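Have a go at each task before reading its solution.

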Amino acid sequence: MVAACLLPLAGLAARALGVGGDLGADPIRTVTLTTGMWTLRFLLATLAVTPLRRLAGFAQLAPYRRTFGLLAFSYGSLHFLTYAVLDLWGAWDTLLEDIAKRPYITVGSTGFVMLVPLAITSTRAWIRRLGKRWVQLHRLVYVAALAGCLHFLWLVKKDVREPLLYAGILAALFAARGLVLLRPSLGLSR
Amino acid sequence: MLIRRNRHAESPEREVTDPGLYLRRREFVTGAGAALVLAACGPADDPMAEAKAEATTGAGVETTPFEKATHYNNYYEFGTDKEDPSENAGQLVTRPWSVAIEGEVAKPGTIDLEDLIKPSAVEERIYRMRCVEAWSMVIPWRGVPLKDVLARLEPTSRARYVAFTTLLRPEQMPGQRRRVLEWPYREGLRMDEAMNTLPLLVTGMYGRDLPNQNGAPLRLVVPWKYGFKGIKSIVSIRLTETQPETAWNVAAPDEYGFYANVNPEVDHPRWSQKRERRIGEFSKRPTLMFNGYGDQVAALYAGMDLQKNF
């Protein structure tokens with residue numbers, strides 16, 4: 001499963017070497033966009049695990065929540081590094097200015113930074129160490145996913161179809177999580 | 001129909017000059033002199049100085065590879081992804097083509113594209129093109145000066161602006177089936193901007209006819225403004241008294257203005273305009289005021305607040 005999830009990255013690497021096509025006229029932009037899309041997709045996949053497990057009975061998905069989360073963090077790191085190092089090559093001093101002055105970068109960086117403690121505390125040791133607080137900390141993934149959707153929406157020039165699609169999926173996942181929480185009081189069976 | 005080719009009169013393919021070299025032949029002339037001048041100047045490590053020098057002398061200018069110029073396009077009539085126009089524009093039928101001449105002119109009417117262009121001397125000009133998205137290319141255009149064509153149309157004394165309109169044909173332009181922008185695409189210039197020597201009515205690039213994805217068969221190029229002012233597939237030229245509406249300004253008035261002059265000091269509300277990615281280069285380069293054409297056009301805006309009139 002992890003191998004399959006790394007295919008997009010392998011695809012980028014292959015195209016960088018001229019295999020199976022190329023990276024287009026603006027390679028840095030292509031890599032930035034691809035890594036960004038897969039960050040968002042794996043974030044949404046992470047949020048989909050529990051609803052699918054509890055509402056649709058896909059118990060076998062349980063172990064993949066952490067996998068998807070770490071993949072989201074990996075792609076997110078590549079996305080951020082591509083921007084901060086490659087895109088800003090020779091002008092790294094503008095990084096802080098970008099983060100402060102461009103709302104889509106502000107919200108994107110914030111979302112990424114939130115994933116850092118989540119990645120660090122993803123191990124069983126940390127789950128044990130933090131106990132109840134682990135669950136509270138990892139609710140940040142909702143905020144990170146929302147930040148990712150806003151980041152996407154605010155960088156697109158005019159065609160907001162794709163960002164709205166992802167926002168719609170996120171809204172549905174929020175609703176599904178709400179359903180999971182409310183199920184006892186709604187009188188639905190386990 | 002039997003089309004005869006006189007193969008004896010043709011040179012073999014292998015003897016044809018590499019298009020890249022052909023297009024840079026004038027650069028070799030200017031580059032030789034400019035290189036001497038630059039060698040006498042200060043250190044070459046200042047990107048802004050390099051950009052300015054390149055803009056003034058033409059030295060070191062590399063035209064963007066044809067493949068990239070024809071496969072990385074913003075032409076929303078064919079889709080909003082950069083690869084969409086090259087994938088979808090093939091279906092556009094560009095002949096016959098006529099242009100409606102309307103408004104404050106001596107003789108309004110409709111004119112065939114050939115008749116519109118024929119009386120002018122066709123020129124080849126290598127211009128920088130800067131997109132509002134902060135990337136740029138260097139393109140060898142082939143066309144006629146807009147001012148020559150406008151002069152022939154005999155504008156009346158009430159003509160203060162020139163307005164252009166793109167073809168509206170959703171059956172061949174699939175992007176027009178959605179209202180991502182108001183169709184047909186519209187653009188315009190102030191009369192004095194249009195009568196400047198720089199704007200070109202373009203029919204070709206890289207020594208051949210315009211590919212469909214680049215705005216065939218007739219487009220505008222205004223090199224000191226953001227690329228979206230370069231309206232494509234023109235079907236109407238109207239001279240007006242009042243400032244015309246333009247597609248991007250209607251779509252997002254706080255982000256895209258009528259003037260749209262390239263200006264590193266006026267950021268887009270959502271991103272900076274200080275730097276740009278020259279397609280094909282690794283590092284971004286500083287953006288130049290008026291895209292480096294200030295010598296020819298800055299006077300048009302003397303006394304204007306370019307923050308307000310963006």
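**Exercise 1.** Find the hairpin formed by E11(B) and E12(B), and say which residue in its turn has a positive phi.

*Solution.* Step one: E11(B) and E12(B) form a hairpin with six residues between them (strands are DSSP runs of E, at least two residues, and helices runs of H or I, at least four, numbered from the N terminus). Step two: in the turn, Gly280(B) has a positive phi of about 105°.

A note before going on: this is a predicted model, where local features need pLDDT of at least 70 and side-chain atom pairs count only at pLDDT 80 or more, while totals for chains, interfaces and linings use all residues. Residues are numbered from 1 along each chain as its sequence is written, with chains lettered from A and ligands numbered from 1 in the order in which they are written.

**Exercise 2.** Work out in which sense E11(B) pairs with E12(B) and how E4(B) and E11(B) run.

*Solution.* Start with E12 (residues 285-286) of chain B: its pairing with E11(B) is antiparallel, over two bridges (strands pair if DSSP finds at least two bridges between them). Here Arg275(B) stands opposite Pro286(B). Now turn to strand E4 (residues 135-145) of chain B, which runs parallel to E11 (residues 275-278) of chain B and is joined to it by two bridges. Ser136(B) has Arg278(B) as its bridge partner in E11(B).

**Exercise 3.** How many residues of chain B are in contact with chain A?

*Solution.* Apply the contact criterion (C-beta atoms, placed from the backbone, within 7 Å): 17 residues of chain B touch 13 residues of chain A. Then sort the chain B side: eight nonpolar, three polar and six charged (Ala, Val, Leu, Ile, Met, Phe, Trp, Tyr, Cys and Pro count as nonpolar, Asp, Glu, Lys and Arg as charged, and the others, Gly among them, as polar).

Conventions:
Contact = placed C-beta atoms within 7 Å.
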